[in-house]
Each structure stands twice: as structure tokens, then as C-alpha cells.
Amino acid sequence: MSGRRINIDDDEEQLLQTDSPKSQQKEIKLLWFDLSHSSVQMQLFWCSVGIFTFYIIYGYLQELIFTLDGFRPFGWYLTLIQFGYYTVFGYIECHIRNINRKVPISTYLILALLTLGTMGLSNSSLGYLNYPTQVIFKCCKLIPVLIGSILIQGKRYGALDFLAAGLMCLGLILFTLADSMISPRFNFVGVAMISGALLCDALIGNIQEKTMKQHKATNTEVVLYSYSIGFFYLFVILALTGDIVKGASFCSHHPVKTYGYALLFSASGYLGIQMVLSLVQCCGAFVAATVTTCRKAVTIIISFLFFYKPFTFQYVWSGLLVVLGIYLNIYSKQNKADWRDIWRSLKKCIKRQNRIQRRLMSNV
């Protein structure tokens, strides 16, 4: 699985932007359990259970931390804690699997800086946005990734990819407008932060993909060095600004609700990404996209149920536009189509709809 790029976050789309595996791997492992001899249905079931379980825990705890009175200014300190936990997890996994570094340190210096931007801005944006709005933004990673891969790797995209990006943009704009009108917590600083996180993610994803293919590095190696160097970067920055002292002082008064919750949500995010990798391996990207999209929908519903926030139905249909864009993007990877193909399909749908209407009218 060394050909896939990875940036551990609660947004798994970047794992799904590669094509489905060309051939089934013989060994399918779900954490420490070997599912190679199980049926595909059982592999799908257990991977889906793991994805829903770990990522729902991740999202719930992340939002729960920011409900702590006075914690909103310490998003970057939370990122420092998260980077520390991921460094430990990556080191343990590298040690167990006997993985050695293949990518030059100079490349990791750049990757670590971009990883810091992605995770830090994403965490800090929760101090200014509702959690569902943040999730919707993260669902739209295709937009900056598409632009970044055109500029960095010279890739070409079909009509469906651009249509998917357009639907995502429209859904994102409508969702953000709804949030700005009814949410007392909405702030355009949060929009700027999460947009910056997506831009960093577009760069990091394309650089990771190119680097891992060139050096045949494993996901675990990239995780360890990106997050450990990023931890050093952020530690120095927070030490110079004095925020590390303020963050440590605040968290010392709430150790369980800060360090304890951060440990649990970091561990659940780390384990959840392994579930996504296993699901892509055994069932392909399209099935994995279906499961992870449903997971995001459930996460948003849980956010509205457990954490009070205003609600409007504009959230629903603007979110559905984003979901449609995600599926068009995945579909386009399996079925290459141009604008003429899309126009033919639309005309067929219109003709079919007209026939149905004529039949209904004739029966009246």
C-alpha cells in the first residue's frame, strides 16, 4: 500500500482519490486481525464498523474539547498534543514492522510544514465555526487537490471532475451562507483557516503522492517523520510566542478534558485511517467512498443531536450537493466521460421523464 498518500485527519477522501486496486491483495488485515480468509461481505462489514466507530469517536471528542469554556484560543496547542501522539504511534508501528526511512529529510521538512498548516488550521477553525461546517469544507478537498495536481503534477481531468468540483463549490457556498445567517458562532476567520487548511492539503497530497511513488515509501514512514518534524516546528513557534506556556497552564487545570480527550481522539483517528486503508484494499475506492460519506453524514447528525446549534433545511440540500459532487468525482475515475457523454445522458433522462409524464397524463 506504499503507493497511496496519507495525511491523518478525519477526512479520508485523500485515500479514496486513487483508483481502485487493480488486483485483490492476498493479505487483508484489520489492525491485528487477519481477514484474508473471510468473505468480502464480512470484510466490508467489519471495516465499516471500524470506520464508523473510530471516526464518530474522533469527531465527537474533537468537538467536545472545544466546548470546554476558555479552550477556543488553544487550537494550536491541541495540534501540538496531537502531533506528539501521532509521533509516538508512528514510532511504535515503525519499530514493530521494522520500517526504515527511504525519503530524504529535505522532503520531510517541506511535508512537515504543510502537515502543520493542514492540521493546525483545521483544529483552530473549530474555535470560529460549527463542526458540521468544518466537515462540509473538508468534504470539498477535491477542489484544491484538483487545482494542485494540475499545477504540480500536470494531470488532466475530465468533464465529470470539473462538474463535481462545481457542485461542491455551490453546495459549500450555500452551506456557509446558511451558517453565517443563523449560527452565533460563525466567523469568517474560521472560513479563512479551514480554506488555508485545504490549500495546504492540496499541496501536501500531491507532494506525498509524487514522493511515495518515487521512493516507494510506506504510509507509516511518512506519518512518523512528517508529524515528528512538524511537532518540532510547532513546539519552537509556540515557545517563541509564549502560547505553549498559556496552553500548558490552561490544560493543567483540565488534564482529563484536554490531554485525556486528545489521546482518545488521536488514537481513534490513527486507527480509523487503518480501517479506511483496509477497506480500499479489499473492496475498492468506490465502496470506501460510500462508507466514509455515510460516516460524515452520521457525524454531522450526531453533532446536531449532542451539541446544541441552530438548524435550517438549507444545511440538508446544500450538503446533498456536496455529496453528489463526491460521487461524481469517484464515478469519473471508473468511467471516463466528456461533456458530450454527459449531455447525452441528460437528454436520455429528460426523454424518459417526458415519457413517464405522458403515460401518467393519459391514465388520468
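This is a predicted model: local features need pLDDT of at least 70, side-chain atom pairs count only at pLDDT 80 or more; totals for chains, interfaces and linings use all residues.

How many residues apart are glutamate 93 and arginine 97 in helix H2? Four, and because of that spacing they are separated by about one helical turn. Before you go further, two ground rules. Residues are numbered from 1 along each chain as its sequence is written.

**Stop 1: the whole chain**

Color by secondary structure. The protein has 13 helices and two strands; helices (H or I, at least four residues) and strands (E, at least two) are DSSP runs, numbered from the N terminus. Next, color by accessibility: 51% of the 364 residues count as buried. Buried means under 20% relative accessible area, exposed means over 50%, and partly exposed is in between, using a 1.4 Å probe and protein chains only.

Among contacts with a separation of 6 or more, 87% are between residues 24 or more positions apart. Contact here means heavy atoms within 4.5 Å.

**Stop 2: H2 and the residue after it**

Select 75–97, which is helix H2. The expected span is 1.5 Å times one less than the number of residues.

Now show the side chains of glutamate 93 and arginine 97, which meet in a salt bridge at 3.0 Å, N to O. The rule is a side-chain nitrogen of Lys or Arg within 4 Å of a carboxyl oxygen of Asp or Glu, and the structure holds one such bridge. An α-helix has 3.6 residues a turn, so residues three or four places apart point the same way. Glutamate 93 is buried at 16% relative accessibility, whereas arginine 97 is partly exposed at 47%.

While you're here, click cysteine 94, which is buried at 7% relative accessibility. Then jump to cysteine 200, also buried, at 17%. The disulfide count is zero, taking a disulfide as a pair of cysteine sulfur atoms within 2.5 Å.

Step on to asparagine 98, in the loop between H2 and H3. Asparagine 98 has a positive phi of about 55° although it is not a glycine. Most residues other than glycine have a negative phi. At 62% relative accessible area, asparagine 98 is exposed.

**Stop 3: H3 and its last residue**

Select 105–125 for helix H3. H3 has 21 residues and reaches 30 Å from first C-alpha to last, close to the 30 Å expected. Is H3 mostly covered or uncovered? Mostly covered, with 16 of its 21 residues buried.

Zoom in on serine 125, which is buried at 0% relative accessibility. Leaving aside neighbours within four places in sequence, serine 125 is in contact with Gln134, Gly190, Met193 and Ile194.

**Stop 4: leucine 61 in H1**

Helix H1 covers residues 40–66, and leucine 61 lies in it. Leucine 61 is buried, at 8% relative accessibility. Show what surrounds it: beyond neighbours within four places in sequence, leucine 61 is in contact with Tyr261, Leu264 and Phe265. Draw a distance to lysine 257, too: leucine 61 and lysine 257 are 196 residues apart in sequence but 9.3 Å apart in space, C-alpha to C-alpha.

**Stop 5: H8**

Select 219–241. Helix H8 has 23 residues and reaches 32 Å, close to the 33 Å expected. Its buried residues include Val222, Val223, Leu224, Tyr227 and Ile229. Just after H8, glycine 242 takes a positive phi of about 85°.

**Stop 6**

Leucine 320 sits in helix H12, residues 314–334, and is exposed at 53% relative accessibility.

Notes
Side-chain values use heavy atoms; hydrogens and water are left out.
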